[in-house]
Amino acid sequence: MDALHPRLLVSRFTECFRFYDAVLPGLIGAVRASGRASGPYAHWDVDGQGVLVLFDRGSMAAIARTEGLPATPPPAQDSSMFVCRVTDVDTGLALCLEHGASLVAGSCDRPGWGRTSAPPMCAIPRDI
């Protein structure tokens, strides 16, 4: 049983699905365990353990019966971040950018951390 894994509730499911389906194998060796671009649900595993779930925001609201609540908060800082360890930060950043992410902050060397990206290193099309 997967004890912990992030579930991202997204409004533009197909766009987010295509991004993660393209980058997760190269970034962390994840394989899609279920789902397709039409949604409303997909998840990726590494070695049989869940690492990321995408769920259509509207579908989740229907299940939770919260359709009447606002879908987005007022403008604020990011509300979620997907963090993963990669072999090569610069290669991972390039892969994300290649598949439609926007550069927020480039990679750099940090004392005590090594080569890293400034969180978040890139942002998928603003949705989550």
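Arg 12 is partly exposed, with a relative accessible area of 35%. Residues count as buried under 20% relative accessible area, as exposed over 50%, and as partly exposed in between (1.4 Å probe, protein chains only). The structure is a predicted model, in which local features need pLDDT of at least 70, side-chain atom pairs count only at pLDDT 80 or more, and totals for chains, interfaces and linings use all residues. Residues are numbered from 1 along each chain as its sequence is written, and side-chain values use heavy atoms, with hydrogens and water left out.

The side chain of Arg 12 meets that of Glu 15 in a salt bridge, at 2.7 Å from N to O. A salt bridge here is a side-chain nitrogen of Lys or Arg within 4 Å of a carboxyl oxygen of Asp or Glu. Glu 15 is also partly exposed, at 37% relative accessibility. The structure holds two salt bridges. Asp 21 and Arg 32 form a salt bridge, their closest N and O atoms being 2.9 Å apart. Asp 21 lies in helix H1 and Arg 32 in strand S2, so this pair ties together parts that are 11 residues apart in sequence. Asp 21 is partly exposed, with a relative accessible area of 24%. Arg 32 is partly exposed as well, at 40%. Side chains of opposite charge can pair when their charged atoms come close.

The chain has three helices and eight strands. Helices (H or I, at least four residues) and strands (E, at least two) are DSSP runs, numbered from the N terminus. Along the sequence, the pattern reads β-α-β-β-β-α-α-β-β-β-β. The chain has 128 residues, and 31% of them are buried. Its accessible surface comes to about 8100 Å², with 55% belonging to carbon and sulfur atoms. These areas come from the Shrake-Rupley method with a 1.4 Å probe; for residues, only the protein chains shown count as cover. Of the contacts between residues at least 6 apart in sequence, 54% join residues at least 24 apart. A contact means heavy atoms within 4.5 Å.

Helix H1 spans residues 13-28 and has 16 residues. From first C-alpha to last, H1 reaches 21 Å, close to the 22 Å expected at 1.5 Å a residue. The expected span is 1.5 Å times one less than the number of residues. Buried residues of H1 are Phe 13, Cys 16, Phe 17, Phe 19, Tyr 20, Val 23, Leu 24 and Leu 27. Their cover includes strands S1 (7-10), S2 (31-35), S3 and S4 (49-56), together with helix H3 (89-98). Just after H1, Gly 29 takes a positive phi of about 75°.

The largest nonpolar core has 19 residues. Such a core is a set of buried Ala, Val, Leu, Ile, Met, Phe, Trp, Tyr and Cys residues joined through side-chain atoms within 4.5 Å. Tyr 20, Trp 44, Leu 52 and Leu 54 have the most contacts inside this core. S1, H1, S3, S4 and H3 are the elements that give two or more residues to the core. H1 supplies the largest share, eight residues. In soluble globular proteins, nonpolar side chains tend to be buried together.

Asp 45 sits in strand S3 (residues 41-46). Asp 45 is buried yet has no salt bridge. The nearest side chain of opposite charge, that of Arg 32, is 11 Å away. Lys and Arg count as positive and Asp and Glu as negative; His and the chain ends are not counted. Leaving aside residues up to four places away in sequence, Asp 45 touches Gly 29, Ala 30, Val 31, Ala 33, Gly 50 and Val 51.

Gly 35 is found in strand S2. Gly 35 is partly exposed, with a relative accessible area of 30%. Beyond residues up to four places away in sequence, Gly 35 touches Phe 17, Tyr 41 and Ala 42. Gly 35 and Phe 17 are 18 residues apart in sequence, and their C-alpha atoms are 8.9 Å apart in space.

Several loops show particular backbone geometry. Gly 39 and Pro 40 are joined by a cis peptide bond, with omega about 10°. Pro 40 lies in the loop between S2 and S3. Asp 47, a residue other than glycine, has a positive phi near 50°. Asp 47 is in the loop between S3 and S4 and is exposed, with a relative accessible area of 77%. Arg 65 likewise has a positive phi, near 60°. The loop between helix H2 (57-64) and H3 holds Arg 65, which counts as exposed at 74% relative accessibility. Most residues other than glycine have a negative phi, and most peptide bonds are trans.
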